[in-house]
Amino acid sequence: MFGKIVLAAAMVSSAIVVPAFAAGKVACVGNSITYGYGIESWPDQTSYPHHLQGMLRENAPSDTVENFGVSGLTVRKDDQASYWKGYRFAPAIEFAADTVIIELGTNDSKSYTTWNTPAQDAAVDSAITADFEALIDTFQVKSKPHVFICLAPYVNNIEWNILDTAVVKRVNPAILRAGLEKGVNVIDLHSRFSALENPSWYLEDMVHPSVEGAKHLAEIVYAHLQMDTLHVTQDGSTLKAPKGFYGFQWYKDGKLLEGETLETLEVKGEGEYKVSVKVDEKTLSRIVTAPLKVEKTTALKPGVREIARENSVGVANMAKSARRFDAQGRALKARGPSHQKIYTKR
């Protein structure tokens, strides 16, 4: 599966001829999965942010990755163990990252219990989405980073009430809604990282990555970072998404355009446009293009509807201008008396 992502990234690079993504300062925000619970060492040689650092520096020696993961935390503000209240929250913001990778949500699954009412479950759903959106906005205040949010990976620990059913049915859909609403990149870890696919990626608790798993996690994240070089193209008044993808969502000036989910978009006035594309058929991963600025000075070809409307108006004006009149300026019927002198206004 990882090979498919690398191949897709290579295809994009060869088609558009753009440089590799410059990650710059990278903030890895998250829970114990990011921190490296159960495998950390000092200095850190085992967590996924450490491996990501090495991968990025192969092509960009100045790229810097900082691990802002803290064990046991949630994304919801009102939770006792909220990341917003954690000791690494303020430093993560002050870091002023160029790239932010947010891996939260696994611990939020604990709030879904068998005795919850549907209303209580829905309230948790809404809180996850709203607070993910707020976290994205908060990082935009200090800097304007490229943001990647992660769908939680596979988990299964009954003792901790961290169950995959809650992650799949409640947590990840809530995270995905936030990603689509805010127009940021989404990494579907659940489809790419699972103990069901490879048990050696996990510790015995079936929640945290092993040393091998942390490296594979970094490979998945790295591959998605390298795809963050996509661009919208313009043909007159039509904008076109990059080729070779499976789903589309357009944005104007950072706002989601409801119902605009086709590969192309007719320009809707001046502003900045971008599109979120679904990477492949089997995952929910999405990459967002760089914004394209459309200005008044941009030469736009009129769309089909505009051409049809202008032609219709032109024909009507021609018909009107060809009407016949008598000497007193009175309009004549199409077939007037043969002895009457006819005048035509042009």
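Biologist: Is Thr-289 buried or exposed?

Modeller: Thr-289 counts as buried because its relative accessibility is 4%, where buried means under 20% relative accessible area, exposed over 50% and partly exposed in between, with a 1.4 Å probe and protein chains only. This is a predicted model, in which local features need pLDDT of at least 70 and side-chain atom pairs count only at pLDDT 80 or more, while totals for chains, interfaces and linings use all residues. Residues are numbered from 1 along each chain as its sequence is written, and side-chain values use heavy atoms, with hydrogens and water left out.

Biologist: Where is Thr-289 found, and what does it touch?

Modeller: Thr-289 is found in the loop between β14 (286-288) and β15 (292-294), strands being DSSP runs of E with at least two residues and helices runs of H or I with at least four, numbered from the N terminus. Not counting residues up to four places away in sequence, Thr-289 touches Leu-230, His-231, Val-232, Pro-242, Lys-274 and Val-275, a contact being heavy atoms within 4.5 Å.

Biologist: And Leu-262, buried or exposed?

Modeller: Leu-262 counts as exposed, because its relative accessibility is 57%. Leu-262 sits in the loop between β11 and β12 (264-266) and, leaving aside neighbours within four places in sequence, is in contact with Phe-248 and Trp-250. The C-alpha atoms of Leu-262 and Gln-249 are separated by 7.3 Å, although the two residues are 13 residues apart along the chain.

Biologist: Switching to pockets, what volume does the largest one have?

Modeller: The largest pocket has a volume of about 650 Å³. On a 1 Å grid over the protein atoms alone, a pocket is an open set of points with protein on both sides within 12 Å along at least five of seven lines, a cavity is a set where a 1.4 Å probe fits but cannot get out, and lining residues have an atom within 4 Å of a point. Grid points are joined across faces, edges and corners, and a volume is the space filled by probe spheres set on the points.

Biologist: Which residues lie nearest the centre of that pocket?

Modeller: Of the 26 residues that line the largest pocket, Gln-140, Lys-182, Gly-183, Val-184 and Lys-274 lie nearest its centre. The elements giving two or more residues to this lining are α5 (118-142), β4 (146-151), α6 (164-182), β11 (255-256) and β13 (271-278), and the largest share, 3 residues, comes from α5.

Biologist: How many cavities of 30 Å³ or more are there?

Modeller: The structure holds 1 cavity of 30 Å³ or more, and the volume of the largest cavity is about 30 Å³. The largest cavity is lined by Ala-92, Ile-93, Ala-96, Ala-97, Thr-138, Phe-139, Lys-142 and Ser-143, with α5 giving the most, 3 residues.

Biologist: How many disulfides did the search find?

Modeller: The search of the whole structure finds 0 disulfides, a disulfide being a pair of cysteine sulfur atoms within 2.5 Å. The closest cysteine sulfur to that of Cys-28 is in Cys-150, 8.8 Å away, which is too far for a bond. Cys-28 is buried, with a relative accessible area of 0%, and Cys-150 is buried at 2%.

Biologist: Last one, how many residues of α8 are buried?

Modeller: Of the 15 residues of α8, 11 are buried, so this helix is largely enclosed by the rest of the structure. The buried residues include His-216, Tyr-222 and His-224.
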